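Hi everyone, thanks for coming. Have a look at this one with me, and then we'll talk about some of its contacts.

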Amino acid sequence: MEVKNLKIGKTSEIILKKYRLTRILESWVEINTTVDKAWNALVDFESWTQWNSFIPVAKGELKVGNKMMIKVKSPGLKEMNFKPTVFEIEDGKKVVWGGGSLLIGYRGIHEFIIEYIDENLIRFKQIEKFEGPIVLFMNGMIYKTAIGYVNMNEEFKNFLEKN
């Protein structure tokens, strides 16, 4: 497996892992806030328009099995709409959603994770797994998506630390 630190962002970290027909982006940032405050902001999709330039629109009931509607604005790419299915929710810790296309042999799984460090410090992580033959042709899109994750992490940090 090839692992590469992408070196983008001011306070956020991101790495790209490549293995055969799989690409995994892992990004994280430490935020001076509580788990409860971070969780409440993360699942308050209406607030995303205030702080999230990467996924400014997320609609739907956050419930396992439900489909959401999200609008993604990756830097340098056209705006895209997705309807991910919610796969997992761990209150105060994790949301996992994703989807794919059998037609082009693609599947994407996105995790939002809040890790407790101490009572006023958390680590916010995003992990995206891209799978399928199409990933061999997605290098530019994956890099631009990585920039979007870093932007989202830093915007989430700024939003939480200022409010």
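**Salt bridges, one by one**

By salt bridge I mean a side-chain nitrogen of Lys or Arg within 4 Å of a carboxyl oxygen of Asp or Glu. Before I go on: this is a predicted model, where local features need pLDDT of at least 70, side-chain atom pairs count only at pLDDT 80 or more, and totals for chains, interfaces and linings use all residues. Residues are numbered from 1 along each chain as its sequence is written, and side-chain values use heavy atoms, with hydrogens and water left out.

Back to that pair: Lys157 and Glu161 sit four residues apart in helix 3, so about one helical turn separates them. Helices here are DSSP runs (H or I, at least four residues), as are strands (E, at least two), numbered from the N terminus. Lys157 is buried at 13% relative accessible area, while Glu161 is partly exposed at 33%. Buried means under 20%, exposed over 50%, and partly exposed in between, with a 1.4 Å probe and protein chains only.

How many salt bridges does the structure hold? Nine. One of them joins Arg123 to Glu30, with the closest N and O atoms 2.9 Å apart. That pair links distant parts of the chain, since Arg123 is in strand 10 and Glu30 in strand 3, 93 residues apart.

Then there's Glu115 with Lys125, at 3.7 Å from N to O. Glu115 is in strand 9 and Lys125 in strand 10, so this pair ties together parts ten residues apart in sequence. And Glu30, Glu115, Arg123 and Lys125 are linked in a network of salt bridges.
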